[in-house]
Amino acid sequence: MTSLHRKLFRDLWHLRGQMLAVALVVACGIATWVTMRGAWGAIESAQQDYYTRYRFAGIFAQLKRAPDALARQIALIPGVASVQPRVVVEVNLDVPGLADPAVGRVISIPEHRRPMLNDLFLVEGRYVEPGRPEEVLVSAAFAAANQLGVGKTIGAVINGRWEKLKIVGIALSPEYVYEIRGAEVFPDNRRFGVLWMSREALGPMFNMEGAFNDVSLALAPGASQAGVIERLDTLLAPYGGLGAYDREEQISHRFTSDEIAQDRVTGIFVPAIFLGIAAFLIHIVLSRLIATQRNYIGLLKAFGYSDASVGLHYLEFALVAVLAGTALGIPLGIWLGRGLAGIYQDFFRFPELRFSAGPRILLWAVGISAAAACLGALGGLRSAISLPPAEAMRPESPPRFRRGLAEQFGLERLVSLSGRMILRNLERRPWKAILSALGMACAVAILIIGFYFYDAIDYIVQVEFQTAQRDDVTITFNEPRGTQARHDVGHLVGVLRAEPFRTVPARLRFGPRSRRIGITGLSPDAELRRVVDRQLQVIPIPPDGLLLSSKLAAILGVAPGDAVTVEVLEGSRPVRRVLVAGLADQLIGISAYMDIHGLNRLLREEGSISGANLAVDSAATPALYSLLKQTPSVSGVQVREAMLESFRQTIARSLSMSTMALVAFACVIAGAMVYNGARIALSERGHELASLRVLGFTQGEIAVMLLGEQAFLMLVSLPLGFALGYVICYALTIAMQTELYRMPLVLTPKTYVIAFSVVALASVFTGILIFRRLRRMDLIGVLKTRE
Amino acid sequence: MKGARAQTSPEAVFHVHEVTKVYRMGDVEVHALRGVTLDLLPGEFVVLLGPSGSGKSTLLNILGGLDVPTSGEVYYRDHNLTAAAAEELTRYRREHVGFVFQFYNLIPSLTALENTQLVTDISENPLDAEECLRLVGLAERLHHFPAQLSGGEQQRVAIARAVVKRPEVLLCDEPTGALDYMTGKLVLEILERVNRELRTITVVITHNAAIAAMADRVIHISSGTIASITRNEKKVSPDQISW
Ligand SMILES: Nc1ncnc2c1ncn2[C@@H]1O[C@H](COP(=O)(O)OP(=O)(O)OP(=O)(O)O)[C@@H](O)[C@H]1O
Ligand SMILES: [Mg+2]
């Protein structure tokens with residue numbers, strides 16, 4: 001070990017507090033890098049792998065009923081590699097232990113297992129056996145949420161009859177990585193599940209022998225998706241085709257891919273903040289170290305050490321701190337990553353989602369942290385290297401102070417002497433002050449972002465579940481019903497108010513753009529279900545024409561006053577031109593609304609309805625539920641409270657971990673900024689503070705003079721951090737404008753208060769550490785030396 | 001009067017009795033003071049002389065409440081400084097002691113006037129800060145920062161800062177050590193004037209035996225003990241001293 005290395009270790013030990021602070025910030029940055037990159041890599045490769053190995057289809061279409069022979073015709077469409085015709089139906093389920101009804105989507109599978117599109121991965125149990133119509137496989141998410149194991153039975157209403165279904169296996173499908181029912185935003189795995197049943201068993205139950213109502217296609221390489229979709233639509237139109245779509249509109253794929261895309265961005269953005277702060281901290285620590293060791297540097301150079309070896313010596317400080325942080329951050333990141341992967345696994349069901357931080361990620365981690373170290377060390381090193389030995393042996397010229405800006409306007413009377421000391425010290429190095437405040441502001445902003453998600457979600461709940469939806473139960477019929485049904489739903493047990501609605505599958509076309517969508521017909525005086533925009537304004541249903549959500553209008557490129565072509569994908573499949581009467585800036589999904597009577601007129605039908613929103617007497621709900629469970633014409637029952645509850649739980653689960661991590665990270669940043677700022681100030685002003693103690697100032701008084709600087713920076717950083725947090729949240733709302741949801745830009749005072757409190761607490765805690773150092777100050781020793 | 005023991009007098013402001021100070025550095029013990037007994041009387045000007053390492057600064061620091069003796073007792077009037085807690089020593093320094101050091105220890109971010117006001121802000125019955133700076137001849141330099149002042153000017157600010165609170169005692173550790181001849185004399189003149197006009201007990205450590213002539217008493221310290229105390233029957237004013 002050379003003597004320079006001995007010095008390195010002694011100095012490192014001396015600066016251990018500050019080095020630790022740097023290392024912790026680096027550790028946070030590297031941990032987020034490893035976590036997010038690892039999770040991103042894991043989920044992306046899991047997705048690709050799964051899709052390939054289990055033959056996830058490329059084109060999907062639903063229809064009313066077509067003979068199997070049509071499937072052979074579909075296979076002949078140029079570019080189609082394989083065709084999977086299926087029967088898919090939704091039934092009411094009676095799940096043991098669940099009072100309210102659940103919906104099961106039953107999908108046919110070949111009686112004898114053979115490779116197919118959207119192939120199943122058996123998690124547990126076995127495939128169905130031929131000749132046993134009661135056997136089913138259930139999706140893992142549904143099984144887990146309801147604690148359904150192999151061997152259990154569930155009840156299902158099939159063709160008006162109660163059937164007992166026996167679970168023989170738990171399965172996953174690439175179609176249901178994110179298992180969610182069409183129109184919902186968040187999965188409710190307790191009340192919606194996928195079941196697979198043999199085609200031979202399912203066909204006869206729903207009058208689908210030799211026929212299918214759902215088809216998936218795989219395309220040959222190089223085939224034109226749009227071309228195939230067009231041909232397929234033409235083939236399916238006579239059979240009630242609901243419009244074919246590609247993976248982009250496949251809901252599970254859409255969600256999963258949106259998530260992957262978001263992870264990719266945050267996985268770069270968040271670590272960059274931390275490493276930027278780490279570089280800044282290294283800069284101030286190293287600059288100070290080099291300033292205090294001027295004489296020593298001069299001596300080394302006089303002894304013949306080269307500029308490079310002196311520079312390297314100081315660079316090693318930065319590298320040691322940063323690499324120590326990396327060494328800490330990598331396992332932390334892997335640990336957090338495993339936790340995150342666990343959460344992902346609750347949402348995204350892959351046969352295998354293994355978080356792994358591969359050598360590439362780790363090498364990058366070392367590389368970027370070393371780069372941050374070099375960046376931070378740059379300024380200090382330049383001065384150490386360029387310092388001529390003779391110059392270095394002279395003491396540093398004393399700091400030059402000026403009267404501050406405020407004082408030049410004669411405002412000094414307003415500021416106490418210690419206040420003036422604080423301000424002048426800050427003004428002497430404005431950039432350092434600005435960057436310090438920015439660093440603290442980042443901590444504040446990180447907290448604001450963390451808690452913003454809660455605000456946004458509360459707001460979404462308020463808009464969607466409290467203002468727009470005010471029913472207790474929504475029921476959906478398996479097919480449109482006539483006027484009698486209007487009457488019947490009103491007289492169901494416990495129903496206080498019933499508001500029928502009509503949903504019609506259609507393709508909206510405007511010029512070259514088109515979109516499949518369900519047009520919802522609502523009564524203009526509906527109270528249980530209203531159209532509410534993001535400003536919480538209730539948008540009245542126009543008597544004529546369409547009311548579109550702004551997002552859908554943007555997708556189609558239409559504005560109010562434009563006429564869109566509505567191709568109805570049901571019944572006689574009329575094609576009409578309808579005026580866009582208005583837009584509603586909604587937070588969730590994409591939708592099109594019409595006056596229910598207008599919709600009926602459009603369809604040339606006599607008051608038919610697809611379902612109803614109900615207000616229900618809570619005392620009567622058990623009776624209503626058990627009635628609905630056994631009503632074959634009712635294919636879906638949604639309970640608003642239950643949906644809300646499940647939504648809240650899902651969110652709480654997914655947000656609590658990231659929030660905790662963010663709070664911890666923000667504390668580290670705030671603590672590290674205050675600690676290093678104060679330690680540097682203590683080193684620079686130790687002499688001055690000791691002489692104040694000699695003059696009779698108490699420890700508390702000089703602590704105010706020292707920490708006042710940090711407190712001032714923190715106060716400045718608060719509004720800065722609030723603004724920064726707001727801007728980032730704004731950017732997030734722009735970035736997160738997916739078709740599925742838009743994040744509202746709402747930040748409650750509570751969020752600001754939390755951000756402030758956490759940062760303030762972390763700062764106070766750090767301040768106490770510094771305060772305790774002041775007690776150990778050597779008054780006499782300081783006075784013996786010239787500053 | 002000569003002898004290792006100083007006299008004890010009832011009107012003394014400071015009683016120092018059999019004070020020892022031992023520094024422990026690992027296994028090595030350094031006896032900085034080995035039984036010092038001394039009284040300081042109101043208004044007197046005392047010069048401490050002695051070779052380097054003899055314990056002068058140690059004694060001064062104990063008198064000023066910056067350090068505590070290992071054994072023995074130090075009284076400032078009826079305050080027992082030996083038994084005082086750190087907070088009491090701080091208050092004692094704040095209320096009664098003025099320090100002047102070889103290095104001026106001014107606050108670099110405050111102007112001359114503000115450095116002085118720093119002390120008036122925390123004292124009960126201070127002099128006027130501007131007045132004090134005028135007293136040390138710095139009326140023209142009130143708004144200069146320390147970096148804009150010469151060494152002698154900085155030392156005069158330090159003196160102004162030390163006396164502005166009307167301390168009972170002014171403790172100066174080599175106040176002229178870093179100054180040239182002329183400036184050193186100027187500083188001594190100011191110390192003499194403060195002592196004369198404000199009746200502040202003034203203790204000055206110096207390596208410059210010539211300065212001893214301006215003292216009421218000269219205390220010679222050697223190897224941690226008082227070797228001798230000489231009383232000057234006739235004080236000489238600083239402008240008559242030369243070295
Ligand atoms: N903090 C300390 N730790 C250990 N030894 C000390 C300490 N302070 C002083 N000493 C020792 O005590 C002795 C007396 O020191 P002191 O500073 O009082 O001497 P001095 O008379 O003021 O000398 P000088 O004229 O050089 O300033 C010296 O031997 C010194 O080495
Ligand atoms: Mg000394």
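1. A salt bridge is taken here as a side-chain nitrogen of Lys or Arg within 4 Å of a carboxyl oxygen of Asp or Glu. By that rule B:Glu29 forms a salt bridge with B:Arg24, and their closest N and O atoms are 2.8 Å apart. B:Glu29 is partly exposed, with a relative accessible area of 38%, and B:Arg24 counts as exposed at 57%. Buried stands for under 20% relative accessible area, exposed for over 50%, and partly exposed for values in between (1.4 Å probe, protein chains only).

2. This is a predicted model, in which local features need pLDDT of at least 70 and side-chain atom pairs count only at pLDDT 80 or more, while totals for chains, interfaces and linings use all residues. Residues are numbered from 1 along each chain as its sequence is written, chains are lettered from A and ligands numbered from 1 in the order in which they are written, and side-chain values use heavy atoms, with hydrogens and water left out.

3. Chain A overall. Chain A holds 22 helices and 20 strands; helices (H or I, at least four residues) and strands (E, at least two) are DSSP runs, numbered from the N terminus. Along the principal axes, the C-alpha atoms of chain A fill a box of roughly 100 × 55 × 50 Å. Of the 787 residues in chain A, 56% are buried.

4. More on salt bridges. Side chains of opposite charge can pair when their charged atoms come close. Over all chains, the whole structure has 43 salt bridges. One of them joins the side chains of A:Glu175 and A:Arg86, at 2.7 Å from N to O. A:Glu175 lies in the loop between strand E8 (161-172) and strand E9 (192-198) of chain A, and A:Arg86 in strand E2 (residues 80-86) of chain A, so the pair ties together parts that are 89 residues apart in sequence. Both A:Glu175 and A:Arg86 are buried.

5. A pair for comparison is A:Glu352 and A:Arg354, whose side chains meet in a salt bridge at 3.1 Å, N to O. A:Glu352 is partly exposed, with a relative accessible area of 49%. A:Arg354 is exposed, at 60%.

6. On a 1 Å grid over the protein atoms alone, a cavity is a set of points where a 1.4 Å probe fits but cannot get out, and lining residues have an atom within 4 Å of a point. Grid points are joined across faces, edges and corners, and a volume is the space filled by probe spheres set on the points. The count is five cavities of 30 Å³ or more, and the largest cavity has a volume of about 200 Å³. It is lined by 18 residues, of which A:Leu426, A:Lys432, A:Glu709, A:Gln710 and A:Leu713 are the closest to its centre.

7. Make-up of that lining. The elements that give two or more residues to the lining of the largest cavity are helix H13 (417-428), H14, helix H19 (640-694) and helix H20 (699-735) of chain A. H19(A) gives the most, with six residues. The lining divides into eight nonpolar, four polar and six charged residues.

8. A:Trp431, A:Ile434, A:Leu435, A:Leu438 and A:Leu720 make a nonpolar surface patch of about 480 Å². Patches are made of residues with over 30% relative accessible area and no salt bridge, with nonpolar side chains (Val, Leu, Ile, Met, Phe, Trp, Tyr) joined within 5 Å and like charges within 9 Å. Accessible areas come from the Shrake-Rupley method with a 1.4 Å probe; for residues, only the protein chains shown count as cover. Helix H14 (residues 430-468) of chain A supplies the largest share of the patch, four residues. A:Trp431 is found in H14 and is exposed, with a relative accessible area of 62%.

9. Backbone angles. Most residues other than glycine have a negative phi. A:Asn118 has a positive phi of about 50° although it is not a glycine. A:Asn118 lies in the loop between strand E4 (102-109) and strand E5 (121-125) of chain A and counts as buried at 2% relative accessibility. For A:Asn207, phi is near 60°, again positive. A:Asn207 is in the loop between helix H5 (199-205) and strand E10 (211-219) of chain A and is exposed, with a relative accessible area of 52%.

Terms used: On a 1 Å grid over the protein atoms alone, a cavity is a set of points where a 1.4 Å probe fits but cannot get out, and a pocket is an open set with protein on both sides within 12 Å along at least five of seven lines; lining residues have an atom within 4 Å of a point. Ala, Val, Leu, Ile, Met, Phe, Trp, Tyr, Cys and Pro count as nonpolar, Asp, Glu, Lys and Arg as charged, and the others, Gly among them, as polar.
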